[in-house]
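Please look at the sequence and the structure first, then read the points below.

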Amino acid sequence: MELLLSSAIGMLTAAGVYLILRLRSFAVVLGMTMLSYAINLFLFSTGRLVVNAPPVLQKGVEVYTDPLPQALVLTAIVISFGMTAVVVMMALGAFLEGGDDRVDMPRADRLPGDGDA
Amino acid sequence: MNHLIIAPVILPAVIGPLIILWMRNDLLLQRVFSIVGTALLAGVALYLNVLAAGGEVQVYRLGNWAAPFGIVLMLDRLAALMLLLTAVLALAVQLYAMGSGWDRKGRHFHALWQFQLMGVCGAFLTGDAFNLFVFFEILLIASYGLMIHGGGEMRLRAGVQYVAYNLAGSTLFLAALGVLYSVTGTLNMADMALRVAAMPAEDTALLRVGAVLLMLVFAVKAALVPLHFWLPSTYANAPGPVAALFAIMTKVGVYGIIRFFTLVFPQDGVIESVVADLLLPAALFTLAIGQIGILGTRHLGRLAGFAAIGSIGTLMIAVAQFTPQGTSAAVYYMIHSTLAAGALFLIMDMVGARRGDLWLRLDRVMPGNGLVAALYFTAAIAVVGMPPFSGFIGKLLVMQATGAAPAMVWIWATILITSLVAIYALSRAGSILFWKSFQLSPAPATASPPVPAPATAGGPKLEPDEPIQDLGDAPANWLAVASVVLLLSGIVALTAFAGPAMRLAEATAAQLHNPDAYVSAVLEGQEGTK
């Protein structure tokens, strides 16, 4: 269980880091998603791993799982989902305005080129 | 429990949606509500300063839940001061945005502005680590919208970079919080401080990892070298008033470092000086790279951005001392550098509006050259820290606070040499912008008196197809100038009343370096809570 979870987090993180270092915004967005999945799994494990145990008080139950990380993960999922939507929209806007989806700034950002008045 | 403590969060949170839902298509109404909201925020912040001046840490328990379980807001001198600083900066910059017509160049400017204020104020007030993350996200989401306000290819491209960088930062934040929660089992900052202090020294390996991760997160926000790469291009491509408001966003990062590493991880505590050892060299490099960047850039937005990075460097040097003297110098310099950076961004935007773009090169004499030059001159003196303005006092205080530090020679040498670089860089930029243009074309200065016509063209980097607004709706140039003068007069006031301001900063630092008061205020005396 521990090995499975930690290797999953590790692989997702590695893939995410590799992808956000790419030059195209689509790959970067994918990488962001992978990273946030990895972090969500990680947050889930911060309350220690307990299998088949309820998070809410019940009669006759001795073993509980920590409910707080579940609430945190829920918040984190909502936020990262919204953020992914925002970054997709902005990347789309940049693609439509600029004609390509490169992440790096074009030369005209550093030197006065032909684009400016 | 004083309910006005939560007002800085509630007020913008109510006005923002109101603007979207009710007055989406009425700019005048938006402006009135937004400016009244920000002015009210300033009033509340002023009151909270009076409240915090009593020296007690005020605690607001949301839903009246008992402390380690419910979320708390904490109001101390530093939080109150930051709130006031935010409100004053936002008010002045908002006036500029109206005067220069920036708020007309896209939709929802004022709503996003209010959401931004909500996030910033919440981050300053909260006493819960995860809640801090949530407020960070609120201020970031609003800042993404503000950053690309007005649109255009370059702005959107820079926006994508900014979002990507900050999403990575948010991920790091969650990782840090996860580590800290797994070690301490709490997210309440006061409770965390107690548990960290009680932790045996041989079990602190994960705790140190968490603390350093947290420092990295705040360093991303504060644009500390080597995590500063998002800043220059973002600030250069953001609308001028938005860049000016972002002057407070980097300070949120600085605030986070001060808050966490005085309250939860004090330097004499279990994690020892691991954070200070990392912060100080980073701060020195930040200062050096910021000031050299001013010299190296040919874009006015980047120039102001690098000046902001440099001021963060100076600020962090003081913070990294983690002594009461260092913190009080940091608090004083923080007020100064926020106002100065805001003013510099606005002045650069004024230059851009008059010249058509933001490149630092010879061009025609701009209309209203003398006025803008005078404002630039004042702001530049303040930014580089020359007498007579508060930048000088601030730098002196930072040097005084580091006089006994082991790395004193390095710190003083960096501060003094980079100040010289900055003086040269800013005076070169000023002379190219305001003086040399007379050599190029002496005629237009007299031929075209400062009529408002070129100013109506609006901000920098106008898209060629952008319609010019009708004249009846022309931007109120005087309002833009007045708001810059307001920020600069704040700097003058900070200089004139340096004594009282310094006493306030010292009281703030003394309170910060006595974390027991926070812990007892939050965790004790909880009668009547659920």
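Two residues are in contact if their C-beta atoms, placed from the backbone, lie within 7 Å. This is a predicted model, in which local features need pLDDT of at least 70 and side-chain atom pairs count only at pLDDT 80 or more, while totals for chains, interfaces and linings use all residues. Residues are numbered from 1 along each chain as its sequence is written, and chains are lettered from A and ligands numbered from 1 in the order in which they are written.

**Contact between the chains**

- Chain A has 30 residues in contact with 31 residues of chain B.
- On the side of chain A that touches chain B, helix H2 (25–45) and helix H3 (67–98) of chain A each supply at least two residues; helices are DSSP runs of H or I with at least four residues, strands are runs of E with at least two, and both are numbered from the N terminus.
- H3(A) gives the most to this side, with 13 residues.
- By class, this side has 21 nonpolar, six polar and three charged residues. Ala, Val, Leu, Ile, Met, Phe, Trp, Tyr, Cys and Pro count as nonpolar, Asp, Glu, Lys and Arg as charged, and the others, Gly among them, as polar.

**Annotated spans of chain A**

- An unreviewed UniProt entry annotates residues 6–21, 28–51 and 71–96 of chain A as "transmembrane region"; such annotations may be inferred rather than shown by experiment, and the positions follow the numbering used here, with feature names shortened.
- Residues 28–51 of chain A are 75% helix and 0% strand, with end C-alpha atoms 34 Å apart.
- Residues 71–96 of chain A are 100% helix and 0% strand, with end C-alpha atoms 38 Å apart.

**A residue of chain B**

- B:Val365 is in the loop between helix H13 (324–355) and helix H14 (369–384) of chain B.
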